[in-house]
Amino acid sequence: MTGARDPSAADDPVDVAFAETVRRTGASIGALFVLHRSGRLLRLRLLCGAPADFATPWSRVPLTAPAPVADAVREERLVWLSSQEQMAHAYPRTAMALPYPLALVAAPVTGVRPRGALLLIWPASRPPYMTARERGNIESSCRRLARLLEEAPEHGGSPDGDEAPRVVAIGAGRPSLGPEMAAADFAERLPGGSCALDLGGRFTYVSSGACDLLGRDAGHLLGTLPWQSLRWLDEPTYEDRYRAAVISREPVAFSACRPPDQWLDFHLYPDASGMSVRIVRTGVEATSVPARHPSARTAAPARAGHLYQLVHLAAALTEVVGVQDVIDLVADQIMPAFGAQGLVLSMAEGGRLRITGHRGYPAETVAHLDHLPLDTAFTPAGRALGSGIPAFFSDPDEMRRLYPDAPVVSGKQAWAFLPLIVSGRPVGICVLSYDSPRDFPAAERAVLTSLAGLIAQALDRARLYDTKHDLAHGLQQALLPRTLPALTGLRVAARYLPATRGMDIGGDFYDLIPLGTSGAAAVIGDVQGHNVSAAALMGQVRTAVHAHVALGAAPDQVLSRTNRLLTDLGPDLFTSCLYAHVDTGRGQVTLASAGHPPPVLRGPDGVARPVDVTPGPLLGIDPDAEFPVTAVPLPPGALLAFYTDGLIEEPGRDLDDAIAHLAGQLARLDGSDPDVLVDDLLAAAGPGGQRTDDIALLLLRREAPGP
């Protein structure tokens, strides 16, 4: 049963501090998410002001998800959304699953290291701004929670189990008062009927007038959900009105017909501890709005909670990119949403079912079930795929009657086989399994069947994306240098990082070409776009530069000739490029730029500054463009950093400020070892963050001559 903890038993310091934070901030709902030990997932541990099943879609939130709590932890900032409209603009998936007027804040809970996030929700009636004092109180509470989590390993360790979040009463840590008889007498004297619901929606008090109007005695109602004990309230519309009252903390009213013809008005008045309900007759004639009498053959409607869950998961499935993203979403969100302990996700390939993802099964079981024929009779997967109809088995005996060996191999006690079909074509099958026998009500079967169609569409798109990505990524990797040459008098290091969003490929490139015994040509560039065309053009530019360097062309001529080649090809893509001729014998670097950010030079004294290079236009625009040459000294111990804009650009930051910031980082970090420095610069640029652009970084350090 879902409900709040008894406050008298809530002596856990984390529980008490969490409840006190919700109480002091005036929030109607609070949630504490704890960062999983893997560092990639937020788990909902504590909830206040709402039943646990309300939070099912957010019980596990990947750190990369477009959600307020994930952004708060990942970007180490407080996320404030003052209205439903603002949330719909910034977080459309969250807004779809929470279509109520509200305001919320998500704040990182960080101590020695990130511990999780605090989520607070207010009714929309609160002011649409947050004062500095409120922000300070929330940040102070988050620091306190982080400290307590670090001292309490059962919270801070974020166990791997699938236990449900614990609901903490708003009065945790305070003495509670028992019900007063005077309040019951007051309710009995009121006209009509009165009742009370807890946050889970169960009756905790029913007046005699309410019993008369509802047609049931108190003994049949107390401790039950209205839409379960009163079948005529078993409509998603009525449960939705209850959910709206709980989340928005605003009074809600609706009318319902008690068979055969008695219309009743329900007035819901919520607060942090539950809900008071007034029931009165509407006076509407029964003939004016005919009552609907569901037949025994009519399927029970899906619960509103399931419908919102389906909307939330559907929105999440539209955002997945690759096959592994689909697997992770099914495992992290769909499995816990339906209480499953096992998962097998297989794709139809070459007439067989290849397992692409699984959870809750040992390796030997997975090996036994992998690569079964599409028409297999060993498990229900073949029949489900052939007919397109899901198969549900509530216990091993039911499975054993048709598939004698399957329960032994699986080791589970209940199964849902969901065929994944797209336009009549089998894509694969998703199997959810359970450690104990389980009934699958008609409403749950309907939701799972709908979800299977969405998973099939997402998996089909993801497979196509992965195919294109592997092709483009292989092309790009083949065009980048596999290793850097060893050069006398120079220590070099380079890295390439793809973007974390989009196609995950781009046109950034670098190269280092030996020039005799005392020189080298360094080149770095950025082709517009993130697709196969960009990767192909990057290969053409790199090849052209190589050819002109081999002919002994000067830096400006290398860019001029490459530029003429690109304008002749007319690729409709532009390229920035920086070319440097490094002469270690003379201690000099000669530079020419085609619209590329300037390199940063760190001197032997540790002072770093951008090199003043006069850039020419981007390659591929003007066939007669000229590229000025700049020469700068490179004494022993000096270091040059060549980079693409993905390393420095941030929304809202001026480019000159970004370059100056990079120079400051280069000055602060240890530059004695380029291999260590290149990793430090990349880490400082955005640890664990999302990259919308790829990054190329090339470092050259001139060493002092040996004896």
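Visitor: How many bridges join strand β4 to β5, and in which sense do the two run?

Guide: Strands of a sheet pair through backbone hydrogen bonds, either parallel or antiparallel. Two strands pair if DSSP finds at least two bridges between them; helices (H or I, at least four residues) and strands (E, at least two) are DSSP runs, numbered from the N terminus. Here, strand β4 (residues 79-81) and β5 are joined by 3 bridges and run antiparallel. Trp80 has Val105 of β5 opposite. Please bear in mind that this is a predicted model, in which local features need pLDDT of at least 70, side-chain atom pairs count only at pLDDT 80 or more, and totals for chains, interfaces and linings use all residues. Residues are numbered from 1 along each chain as its sequence is written, and side-chain values use heavy atoms, with hydrogens and water left out.

Visitor: What is the average pLDDT of the protein, and over which residues is the pLDDT below 50?

Guide: pLDDT is the predictor's confidence in each residue, from 0 to 100. The protein averages 83, and 88% of the residues score at least 70. The pLDDT is below 50 over residues 155-160, a stretch with 25 contacts in the model beyond near neighbours in sequence, where contact means heavy atoms within 4.5 Å. Residues 284-302 also have a pLDDT below 50, with 15 such contacts. Where pLDDT is low, the predicted coordinates should not be read in detail.

Visitor: To return to β5, why is this strand described as largely enclosed?

Guide: Buried means under 20% relative accessible area, exposed over 50%, and partly exposed in between (1.4 Å probe, protein chains only). Strand β5 (residues 102-110) is largely enclosed by the rest of the structure because 8 of its 9 residues are buried. β5 also pairs with strand β6 (residues 114-123) in the antiparallel sense, over 9 bridges. A hairpin of 3 residues connects β5 to β6, and Ala103 has Trp122 in β6 as its bridge partner.

Visitor: At what angle do helices α1 and α5 pack?

Guide: Axes are lines fitted to C-alpha atoms, for helices over the stretch in contact, and angles run from 0 to 180 degrees between N-to-C directions. Helix α1 (residues 13-25) packs with helix α5 (residues 132-151) at about 175°, their axes lying 10 Å apart. α1 is therefore roughly antiparallel to α5, given that angles under 35 degrees count as roughly parallel, over 145 as roughly antiparallel, 65 to 115 as roughly perpendicular and the rest as oblique. Among the residues that meet are Val14, Phe18 and Arg24 in α1, with Ile138, Arg144 and Leu148 in α5.

Visitor: Is Arg542 buried or exposed, and which residues does Arg542 touch?

Guide: Arg542, which is found in helix α19 (residues 532-550), counts as buried because its relative accessibility is 18%. Setting aside residues up to four places away in sequence, Arg542 touches Leu479, Leu480, Pro481, Tyr510 and Asp511. Ser560, in helix α20 (residues 555-569), is likewise buried, at 9% relative accessibility. Beyond four places in sequence, Ser560 contacts Ala625 and Phe627. By contrast, Thr467 in helix α18 (residues 442-479) counts as exposed, at 51%.

Visitor: In what order do the strands of the open sheet of 5 strands lie?

Guide: The order is β20-β21-β22-β23-β26, with antiparallel pairing. β20 (507-514) and β26 (629-633) are the edge strands, each pairing on one side only. From one strand to the next, the twist averages 15°. β20 and strand β21 (residues 519-527) are antiparallel over 8 bridges, and Phe509 is partnered by Gly525 in β21.

Visitor: What is the strand order in the open sheet of 6 strands, and which helix lies across β13, β14 and β18?

Guide: This sheet has the order β15-β14-β13-β18-β17-β16, again with antiparallel pairing. Its edge strands are β15 (372-373) and β16 (391-393). Strand β13 (residues 342-349) pairs with strand β18 (residues 425-434) over 6 bridges, with Ser346 opposite Ile429 in β18. Helix α13 (residues 323-337) lies across β13, β14 (352-359) and β18, and runs at about 150° to β13.
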